[in-house]
Amino acid sequence: MKAQVFVKLKSGVLDPQGLAVSKSLASMGYDGIGLVRQGKVFDIEINITDKTKAEAMLKEAAAKLLANTVIEDFEVVLK
Amino acid sequence: MSARAKIMKIAVIQFPGSNCDHDVLRASALVTGGKSFYVWHKDTDLKGANVVIVPGGFSYGDYLRCGAIARFSPIMKEVVAAAAKGTPVLGICNGFQILTESGLLPGVLMRNKSLHFICDTLSVKLENNKTAFTKKGKAGKTYRLPIAHAEGNYFIDNDGLKSLEDNHQIVFRYENNPNGSLGDIAGICNKAGNVVGLMPHPERVCESLLGGTDGKFMFESLMV
């Protein structure tokens, strides 16, 4: 089974990388682009057929390793 | 050294990518007159250490997040257990990041606000001289300590910050904040005061030949 885990900064946490990206986009001539926040996506192949089990495992893995829950939120999407 | 003085046995944890381990090994033994030795991240015991230091560097290449993978190394179980028993544990730079990732210290170190890697010597004010590594320091005094990091921007939520302040867990603050860290925080401790983390490198300023000795007091504090 394939899954994706999206990791994003919590709103309110400063994202200087996202800011640098939005400034770059503006200087490249892309008008009208506003706020940019940079996140991460993990594409994970998981050898478990039970969807509930897989989701629980990935949520735990995300909370422990993939995301730092002090400043990041995550979302697990099973495909 | 008085007859009562404890013989220091300092474990310096090495992860793949640690690069300040040698400086810590040398400085800690030099200043305390004790024994310092490496402990590899895959080891499962601290070899009788009565002090643990997690040095700086780029453990696991800073992959995923600084210290995020190192915190799951086998030796960290022993470091956590030692911290719980009251053993002095010091995290320097990447070591500080590893301690926050492992939950031994609260909060997180994020990318510097400027996005630049900053290599500089700064004035850092000591606020708490009651921790295991700051007893020999003077509260309110500033020390010139070098920094070299791209992820030193300390952050914690409002409740966390209040808790740090209420419990006197803020140990060092920058006089001129180089990285955007909340409250100019450069170093903190746990509630018990035996676990300390800081972004500056005291081990680099323990010999005047190398440019300064303002870091010595942190290792001298172990002998108090």
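Good morning. Let me begin with a definition: two strands are said to pair if DSSP finds at least two bridges between them. The model I am presenting is a predicted one.

With that definition in place, consider chain B. Strand β10 (residues 185–189) and strand β11 (residues 195–198) of chain B pair in the antiparallel sense, over 3 bridges. Within this pair, Gly187(B) stands opposite Leu198(B) of β11(B).

These two strands belong to an open sheet of 9 strands in chain B, with the order β2-β1-β3-β4-β11-β10-β9-β6-β7 and mixed pairing. At its edges are β2 (35–40) and β7 (142–149) of chain B, each of which pairs on one side only. On average, neighbouring strands of this sheet are turned by 25 degrees against each other, direction ignored. Helix α1 (residues 21–32) of chain B packs on the sheet and touches β1 (9–14), β2, β3 (51–54) and β4 (89–92) of chain B. The direction of this helix makes about 155 degrees with that of β2(B).

I turn now to chain A. Here we find an open sheet of 3 strands, ordered β2-β1-β3, with antiparallel pairing. Strands β2 (40–45) and β3 (72–78) of chain A each have a single partner strand, so one side of each is left without a neighbour in the sheet. From one strand to the next, the twist averages 20 degrees.

Strand β1 (residues 2–9) of chain A is joined to the antiparallel β3(A) by 7 bridges. Phe6(A), for instance, has Glu75(A) in β3(A) as its bridge partner. Finally, helix α2 (residues 51–66) of chain A packs on this sheet, touching β1, β2 and β3 of chain A, and its direction makes about 155 degrees with that of β3(A). Thank you.

Methods:
Residues are numbered from 1 along each chain as its sequence is written. Chains are lettered from A and ligands numbered from 1 in the order in which they are written. This is a predicted model: local features need pLDDT of at least 70, side-chain atom pairs count only at pLDDT 80 or more; totals for chains, interfaces and linings use all residues. Side-chain values use heavy atoms; hydrogens and water are left out. Helices (H or I, at least four residues) and strands (E, at least two) are DSSP runs, numbered from the N terminus. Axes are lines fitted to C-alpha atoms, for helices over the stretch in contact, and angles run from 0 to 180 degrees between N-to-C directions. Contact means heavy atoms within 4.5 Å.
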